[in-house]
Amino acid sequence: LFLIVYYRLPGVLATIAMLLYALLTFAALLTIKATLSLASVAAFILSVGMAVDANILVFERLKEEIRAGKSIPVAVQLSFKRALAAIVDSNACTLITCFVLVAYGDGSVKGFATTLILGVAVSFFTAFMVTRTLLEIALKLGFGKSESSFAVHTNWFGGGKEEEAVSKAWPIVRKSKTWFLISAFLIVIGIPFLATNGLKYNVEFLGGSEGSFTLPQGTTVAQVRSRLEEKGYRGFNIKTASVGSGTQVYITVPPMEGLSHEKLATDSGLLMEGSGFNAVGPAISKETVSHAVISVVLASALIMLFLAIRFGVAVGGVANGLRFGLSAVAALVHDVLFVLGTAAIVGHFLGWEVGGLFVTAMLTVIGFSVHDTIIIFDRVRENLRKLGNTMSFEQLCDVSVTQSVSRSINTSLSAIVPLVVLLFVGTPTPELKFMMLTMAVGITIGAYSSIFNAVPLLYLWDKRIRAKKGEGSGLLAQAQDQAKATAAIRLQSPVAAGQAFDPGSQYGQIKRKTSAVDKASHELDED
């Protein structure tokens, strides 16, 4: 509904492509005989929301090109071409986190990651092959001749600012202290809960036992807690979930001699109907914790390295690209701290525990937060080439954020919507609810940090380097030098060899005789 209302004709075609995407992904899961656990089903539903992202990036670019005066057929071609870099980069970061999860996760985590990997691969195909083909067919059949068919002037969530971004950019960098103070406040909220109670860990991390039981009619959770304390249980945790018309109770107990499923049921006064029991030894819990730490560190390091190389190509080398990578990871630290504070708050009030699925959620948040950051950084990279000669780096950063903010918000919303649905409707266990809540909160705060933290951090770092090494070491100067060198090599003109350019030379005559076909190509390839 969002796609259709907000993008009209492209939204209708993308919805058709989304149905095909869902069928192809499900067929792929059946082909590899994947076990559809609750976590896998959650990943499948989440991937449907994430698959919208590529369409949103293309359609926002399409509207932008039409507003810039391009004809609709040309705008369609340009939109797919110019959105490609951001889509590839963001999907690559999601895949990095998924492969790390496959390498270090257990059964349910592997299932979640595998489903997400398939979803990302298929969504790329449907966005760039199916949606594009359907759109081109529609144009040939005479549909979409007017701008209204593409909702060019339907701009929510700051989209209306894109048209005047160069002249009236949002003061993102200029008011960076304000955004950093807001970030500090959001993080500080969770510190008292982290300091006093900390995070509640489940048996995967602590070892021990966890039993699930049915709460008898007329019995309260407070009574269950009181009975366990009277029987000498210490350090246990209780959490609940509504199942049908009844309540399921989950009790986590630290390592305890002679504890069995039946004994825990008897001591707590709970029923064993629809129950289960799981015991984890100290060696397994220690390995789980180490894998969790390695996963988060490794995923962050690989993402930083990828961004450093990817952006370094356009701005004069990996050392310059590292500014983008480290700025993105610094914004990630902000997101992780906020999510940990939220986890401590939820653990305090609801008893929800941190386990393997929580770590999976954290890594998904890391991948998706970088996804949003890349959307904005990619516009910074493009503007370094296009606008670098007309404004300062501070102004360029503000313009880039203003041009990208609506698509960043829209892509985040497309993932948050299915997460909210899963949280309230589709996840019966506390672990899965906690996972969905973590991702919803993390993606939300990730959208904030991508807009208000990542680019200001990039600017401040660049400013410090320029202060120490001179203006020539700044990203603006480096990108311009890189563009000039690349252009000189491509043209193979005398300029490349350091000679004076002669307008009357053979190159100048060839340039003046450019054919109409070359002009059409020029319109698509250059700006």
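The side chain of S295 comes to 2.7 Å from the backbone oxygen of H291. This is a polar contact, meaning a pair of N or O atoms within 3.5 Å; within protein, one atom must be able to donate a hydrogen and the other to accept it, and residues adjacent in sequence count only if both atoms are side-chain atoms. The model is predicted, so local features need pLDDT of at least 70 and side-chain atom pairs count only at pLDDT 80 or more, while totals for chains, interfaces and linings use all residues. Residues are numbered from 1 along each chain as its sequence is written, and side-chain values use heavy atoms, with hydrogens and water left out.

S295 sits in helix 11 (residues 282-312). Helices here are DSSP runs (H or I, at least four residues), numbered from the N terminus. S295 is buried, because its relative accessibility is 4%. Buried means under 20% relative accessible area, exposed over 50%, and partly exposed in between (1.4 Å probe, protein chains only). Apart from neighbours within four places in sequence, S295 is in contact with V100, Y104 and L363. Contact means heavy atoms within 4.5 Å.

F59 belongs to helix 3 (residues 38-67). Its relative accessibility is 1%, so F59 counts as buried. With neighbours up to four places away set aside, F59 is in contact with Y7, P10, G11, A14 and T131. P10 is 49 residues from F59 along the chain, yet their C-alpha atoms are separated by 7.2 Å. R381 lies in helix 13 (residues 356-386). R381 is buried, with a relative accessible area of 12%. R381 touches A85, D89, R310, F311 and A314, not counting residues up to four places away.

Helix packing was then considered. Two packed helices are described by the angle between their axes and the distance between the axes. Helix 14 (residues 393-426) packs with helix 15 (residues 430-469) at an angle of about 170°, and their axes are 8 Å apart. Helix 14 is therefore roughly antiparallel to helix 15. The contact between helix 14 and helix 15 involves 20 nonpolar, three polar and four charged residues. Axes are lines fitted to C-alpha atoms, for helices over the stretch in contact, and angles run from 0 to 180 degrees between N-to-C directions. Angles over 145 degrees count as roughly antiparallel, under 35 as roughly parallel, 65 to 115 as roughly perpendicular and the rest as oblique. Nonpolar covers Ala, Val, Leu, Ile, Met, Phe, Trp, Tyr, Cys and Pro; charged covers Asp, Glu, Lys and Arg; the others, Gly among them, are polar.

S406 is placed in helix 14. At 0% relative accessibility, S406 is buried. S406 and G356 are 50 residues apart in sequence, and their C-alpha atoms are 33 Å apart in space.

Helix 12 (residues 318-350) contains 33 residues. From first C-alpha to last, helix 12 reaches 46 Å, close to the 48 Å expected at 1.5 Å a residue. The expected span is 1.5 Å times one less than the number of residues. Just after helix 12, G351 takes a positive phi of about 80°.

Positive phi values also occur away from glycine. Most residues other than glycine have a negative phi. R8 has a positive phi, near 60°. R8 is in the loop between helix 1 (2-7) and helix 2 (9-31). Its relative accessibility is 38%, so R8 counts as partly exposed. A151 has a positive phi near 50°. A151 lies in the loop between helix 5 (107-140) and helix 6 (176-188). With a relative accessible area of 2%, A151 is buried.

Technical notes: Helix = DSSP H or I, 4+ residues; strand = E, 2+ residues; numbered from the N terminus.
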